[in-house]
Every structure is written in C-alpha cells, then in structure tokens.
Amino acid sequence: MKVGFIGLGVMGRPMALHLQRAGHELAVWARRPDSVADLPARICATPAELGRCCEVVFTVITSSADVEGVALGENGLIEGMAPGSVLVDCSTIAPEAARKIAAQLAGKGIHMLDAPVSGGAQGAIDATLAIMAGGEAEVLERVRPLLDCLGKRIVHVGPNGAGQVAKACNQMIMVAAIQAAAEAMRLAAAAGVDCAKVKQALAGGSAASRVLDVMGERMVQRDFAAGIEARLHHKDFGLVMEAARQSGVPVPLAAVVGQQLNALMAQGWGRDDTASLLRVLELQ
Amino acid sequence: MKIGFIGLGIMGRPMALNLIKGGHEVTVWARRAESMQPLLDAGAKAAASPADAAHGNELVISMVADAPDVAEVMRGVATGAAPGLVAVDMSTIAPAAARKIGEALAAAGVDFVDAPVSGGEVGAIAGTLSIMAGGSQAAFAKARPAFECMGKNIVHVGASGAGQVTKAANQIVTGMGVLAVAEAFAFAAKNGVDRSKVREALLGGFAYSKILENHGQRMLDRNFKPGFKSWMHEKDLNIVMQTAHELGLCLPGSAATAQMFNAMVGSGHGEEDSIAVLKLLESLSGQA
C-alpha cells in the first residue's frame with residue numbers, strides 16, 4: 001500500500017520504518033527535509049503533495065495546533081488526499097480537536113482515525129505499541145493490517161475522539177503511578193532502606209506494575225535520560241485537566257500530579273524522563 | 001469626560017450608572033439591546049457598535065464575559081478610535097490574553113489598561129470596587145477619574161497584564177479562603193461543636209479574614225444565593241491553573257481547590273455562590 005508519514009521523531013521514525021519493512025511504499029514530509037534524507041522513502045515538498053500520492057497517511061506530531069496545521073492548513077493534507085483515503089493520527093491531542101479535524105476531512109470524503117499510542121520509544125521500536133482508536137469501525141478494519149505492523153493491542157474504543165479520551169485516561173493512570181513509585185522510592189531512601197531491594201520486593205506483590213518495573217528501575221539507577229520526555233506528559237496533563245473541566249468531573253489526584261509536573265518543568269527537566277518526579281520530591 | 005461603555009451585565013450596568021452619576025458623558029453598547037434601556041433612561045446615549053462606542057470618546061471601558069469577547073469588542077474599538085483613545089478592560093481574563101489585546105490595540109494607536117475588579121455586584125452598585133490596573137502610567141492617569149466613580153481601592157500594579165495577574169492572585173486567595181472556612185466548619189460540625197461559636201472565636205485571632213466574617217456567616221445561614229457564582233470562580237481558577245501550567249509553576253493548593261470548584265459546577269451548584277463548596281464537603285463526609 002502507498003503509505004505517507006508525517007512526524008519522524010522518536011516515535012514516528014521506527015513506526016514508519018516498520019511499515020516500509022513490511023513492504024509498503026513509504027512517502028514522508030518533514031518541516032526540515034534534511035532530517036528525513038536518510039530514509040528509504042519518497043520525500044514530499046508539502047503535506048498536500050504527500051496526500052496526493054498516498055492511500056493512508058500517518059501523523060505523529062506534538063500538539064493539537066500542529067495536527068490541525070498539517071491536516072487543514074495551507075498546503076495541508078486536505079488539499080491532496082483523495083476521497084476514501086484515510087488519515088491515521090497517532091499524536092496525543094485534545095479529543096475536541098480530533099473531532100473537529102475529522103469533521104472537516106469528512107466534508108471532503110476523507111476518513112480519519114484518532115489512534116494515539118502508548119508504549120513509548122521502546123514500544124515503537126519493538127512494534128508492541130498499544131493503539132487506541134476512535135472513528136468508524138470499517139475504516140479501522142481497512143487500516144488494521146498497517147496497525148498490526150506497529151502494535152500488539154489495537155482496540156476500537158468508539159467514534160472520533162474516543163481514542164484521545166482513552167489516551168488521556170492512560171496518561172492520568174500512568175503519570176500518577178510514576179508519582180506513586182517516586183514517593184515510595186523517596187520514602188524508602190529517607191528511612192535508610194535500599195530502594196533496589198524495596199522495588200524487588202514489591203515486584204512480587206499487589207503493587208507490581210509496568211511503571212514500577214520500568215520507571216522504578218530508572219529511579220533506582222538514577223538514570224533520568226528520557227525514554228519519554230517529561231515535557232510531553234506535562235503537555236498531556238494540560239489536555240487531561242481541560243477535559244475534566246469540560247465534563248465537570250473532579251480529578252483531585254491528577255490535579256496534584258499536574259502540579260508536580262509543573263515543578264519538574266520549572267527545574268528545567270522537561271527533556272529528561274518523567275522518572276524525574278523523584279528529583280522533584282527531593283527538592284522538598 | 002466622554003466615555004464609551006461596553007457590556008451591561010450584573011457588574012457593567014451599575015458601574016456605568018456610577019459613571020453617569022459622577023457627571024461623565026456616557027455612551028453605551030451591549031449585545032442585547034434591551035439591557036441598554038436602564039442606562040438610556042439614566043441619560044446615557046446608545047451606540048450602534050463597539051466601534052461606535054469608541055468613536056469621539058476619550059475613554060472606552062469593556063466589562064464582558066471572557067477573553068474572546070474582550071478581543072472581539074476591542075477589535076471594533078480599534079476601528080472607531082480617535083488618536084489618544086485609552087481602552088480599559090475590567091473583565092477577568094488571562095494575563096497572557098490581556099497582554100495580547102494590549103499589543104493589538106497599541107498597533108492601532110490605542111493605549112490599553114487591564115483593570116479587573118473585586119467586590120462583586122454589591123461593590124459595583126456601591127461604587128466600592130477594588131480595581132487592580134496594568135498599563136502605562138499615562139493611560140492609568142487618564143482612566144483614574146472614571147475608576148474613582150466605580151471603586152475605592154484603586155492600585156496601579158504595573159505594566160500591561162499586571163492587573164490580571166493581581167486578579168488571578170486574588171482568586172487564589174479567595175478560592176482557597178472559602179474552601180478553608182468551609183473545611184473548618186465541616187471539621188467543627190463533625191466533632192459536634194457549634195460552628196457559629198467557632199467562627200466567633202476565630203474572628204478575634206490570626207484566622208480572621210473578611211471571608212471568615214462574610215462568607216462564614218452566609219454558610220451558617222445556609223444562604224447560597226450569589227454573591228459570586230461558583231462557575232465564575234471556577235472559570236477564574238482555570239485561568240490560574242492554565243497560567244501555572246504555561247509557566248511551570250507548582251500550585252498544589254490552588255490545584256486541589258480548582259478541583260473542588262470543578263466538582264461544584266459538575267454537580268449542578270454552578271449558579272450558587274462559591275460557599276456551596278460547604279455542601280460538597282458535607283456530602284463527601286456524610287454530613288448532609
């Protein structure tokens with residue numbers, strides 16, 4: 001299949017390469033063309049040009065505004081993509097923005113799935129991402145063979161926007177769990193107990209979790225180099241809090257965790273791993 | 001002075017009336033034409049648009065709901081402005097939004113002051129509002145005679161946006177203050193102690209505050225009529241939290257408070273006074 005890819009960063013690059021290795025014809029667009037010069041792909045001059053030569057286009061970029069710009073802006077995908085083609089947006093953006101973009105594309109007969117992912121850079125490299133999709137079921141079925149190249153667990157959550165809602169829920173649970181792990185590590189250290197031993201002991205019991213495994217280990221090793229940059233979690237918490245506000249649903253724990261992320265940003269650790277929440281506790 | 005006034009809601013109407021009482025020549029504009037009538041009866045002239053409200057005036061004041069409304073009316077003001085016009089926005093909006101509007105007006109040769117208020121409808125009617133202003137010294141000086149008709153405690157805090165920063169700080173203190181008094185009362189009641197006696201005792205010490213005195217009394221009376229509607233307080237706390245997010249600023253107390261207000265609006269208490277947070281606490285602890 002002719003597949004387009006926009007957003008070839010830490011997540012996007014391994015994802016695009018998986019598609020290419022699976023035998024799909026890859027086209028890419030990047031704001032800085034030299035950043036993709038090494039890829040085995042056709043390099044397009046604009047998103048519109050990319051749209052014209054692809055049946056399915058993937059985007060993995062940072063913000064709602066970025067996705068809107070690439071999809072609907074001048075020389076955007078909407079100007080090039082043919083009726084019946086599919087945009088699969090794997091970025092994490094506001095559910096409302098996803099719905100708006102989908103509605104505008106639908107006006108031209110272009111399908112869209114919001115399909116944010118969880119699993120981090122390692123999950124992208126190993127093709128083990130969890131993919132949470134919002135959109136029409138039959139559109140998802142059409143692109144499922146492509147998604148199978150990227151991830152293990154692909155769930156159709158509901159209509160457009162539902163994938164982004166699921167991702168917001170994912171981020172709430174995950175970062176709160178990182179904060180919980182950080183507090184436990186901090187408490188253990190303050191009590192003069194070996195953090196590595198505590199982590200090892202907990203791994204066998206009811207507190208066992210993937211976050212404790214992966215992020216807890218980073219905390220024990222004091223390895224704060226980014227798996228996922230904390231600034232992205234910070235950005236996502238802005239989306240979570242806005243969604244909670246719009247629904248009039250209290251999220252007291254997420255609110256406090258969000259403040260710890262604000263402190264992390266203030267320390268200049270936004271490009272480090274979110275395990276740095278441990279370092280925020282050590283400031284206090 | 002010749003003054004244009006835009007936005008004649010609960011706050012704007014009495015504020016504009018006080019300008020007329022102060023001897024100013026006032027032209028009014030509001031989205032709903034019928035809300036202009038009480039002002040026209042009091043001697044104001046009607047404008048056909050925000051641009052018209054600016055036209056021929058030395059000062060134009062807006063008192064509307066939210067940042068997009070301010071931006072929209074000020075775009076109109078810019079097209080109707082004569083050189084030397086000072087535009088004042090007294091709505092509560094985000095500091096960043098105020099600065100942006102100030103820059104857009106400056107490009108059109110209009111000097112801008114952000115001057116949000118505290119004191120509620122009662123203060124607006126009595127002309128005793130607290131006014132916290134951000135903008136140039138010259139623009140503030142020009143607006144000052146109008147401010148004096150509407151308020152008592154008038155402070156020029158700093159440059160553009162400084163008024164809104166101050167108002168956000170005010171909402172942090174009042175939001176947490178209302179929650180603190182409500183929690184103290186819930187604590188007293190759950191311990192079987194008379195809250196009115198607790199209030200009376202606390203008023204003499206370091207826990208004294210206007211909120212303990214006024215809001216505390218209304219909690220005892222279970223008088224949840226606004227006052228200040230909790231959905232508006234929630235909106236203002238959202239400005240605080242969004243600004244903190246953008247700046248990388250850790251505000252744990254405000255964050256917890258904002259969620260209580262979020263829950264208040266979500267559970268249908270949005271049109272009640274902020275003190276309805278007491279009801280939320282009571283239901284959480286089975287005190288209803």
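Predicted model: local features only at pLDDT ≥ 70, side-chain atom pairs only at ≥ 80, totals over all residues.
I will start with Gly227(B), which lies in the loop between α10 and α11 of chain B. The peptide bond that joins Pro226(B) and Gly227(B) is cis, with omega at about 25°.

Staying in chain B, let me go to the helices. Two packed helices are described by the angle between their axes and the distance between the axes. Take helix α9, residues 195-202, and helix α10, residues 210-221, both of chain B: their axes are 10 Å apart and the packing angle is about 175°. That angle is why α9(B) is called roughly antiparallel to α10(B). Which residues make this contact? From α9(B) they are Arg195(B), Ser196(B), Arg199(B) and Leu202(B), and from α10(B) they are Leu212(B), Gly216(B) and Leu220(B). Sorted by class, the contact of α9(B) with α10(B) has three nonpolar residues, two polar and two charged.

The next pair is helix α8, residues 162-190 of chain B, with α11(B). Here the angle is about 115° and the axes are 9 Å apart. The crossing of α8(B) past α11(B) is left-handed. On the α8(B) side we have Ala168(B), Gln171(B), Ile172(B) and Gly175(B). They meet His233(B), Asp236(B), Leu237(B), Ile239(B), Val240(B) and Thr243(B) in α11(B). The classes in the contact of α8(B) with α11(B) come to five nonpolar, four polar and one charged.

Now to where the chains meet. How many residues of chain B are in contact with chain A? There are 17 from chain B, in contact with 19 residues of chain A. On the chain B side, the elements that give two or more residues are α11 (230-247) and α12 (252-266). The most comes from α12(B), with nine residues. The side of chain B that touches chain A divides into 11 nonpolar and six polar residues, with no charged ones. Recall that α11(B) also packs against α8(B) within chain B.

Next, the domains. Chain A is divided into domain 1, residues 2-158, and domain 2, residues 165-283. Their C-alpha centres lie 28 Å apart. The contact between them takes 10 residues from domain 1 of chain A and 10 residues from domain 2 of chain A. On the domain 1 side, helix α6 of chain A, residues 120-126, gives the most, with three residues. That side of domain 1 of chain A has six nonpolar and four polar residues, and no charged ones.

For chain B, the assignment gives domain 1 as 2-158 and domain 2 as 165-284. The centres of these two domains, taken over C-alpha atoms, are separated by 29 Å. The contact in chain B takes eight residues from domain 1 and 11 residues from domain 2. On the domain 1 side of chain B, five residues are nonpolar, three are polar and none is charged.

Ala127(A) sits in the loop between α6 and β8 (129-134) of chain A. Ala127(A) is not a glycine, yet its phi is positive, about 55°. It has 18 other C-beta atoms within 10 Å, so Ala127(A) is partly exposed.

Arg222(A) also has a positive phi without being a glycine, here about 50°. You will find Arg222(A) in the loop between α10 (210-221) and α11 (230-247) of chain A. Is Arg222(A) buried or exposed? It counts as exposed, because it has 10 C-beta neighbours inside 10 Å.

What does it touch, leaving aside residues up to four places away in sequence? The residues are Phe58(A), Thr59(A), Val60(A), Ala115(A), Pro116(A) and Val117(A). As for Val67(A), it is 23 residues from Cys90(A) along the chain, and their C-alpha atoms are separated by 10.0 Å.

That is my list. Questions are welcome.

Terms used:
Residues numbered from 1 in each chain as written. Chains lettered and ligands numbered in written order. Domains from an automatic or database assignment. Contact = placed C-beta atoms within 7 Å. Helix = DSSP H or I, 4+ residues; strand = E, 2+ residues; numbered from the N terminus. Nonpolar A, V, L, I, M, F, W, Y, C, P; charged D, E, K, R; others polar. Axes fitted to C-alpha atoms, helices over the stretch in contact; angles between N-to-C directions. Parallel < 35°, antiparallel > 145°, perpendicular 65-115°, else oblique. Left-handed = near helix turned anticlockwise from the far one by under 90°. Buried ≥ 20, exposed ≤ 12 C-beta atoms within 10 Å, placed from the backbone.
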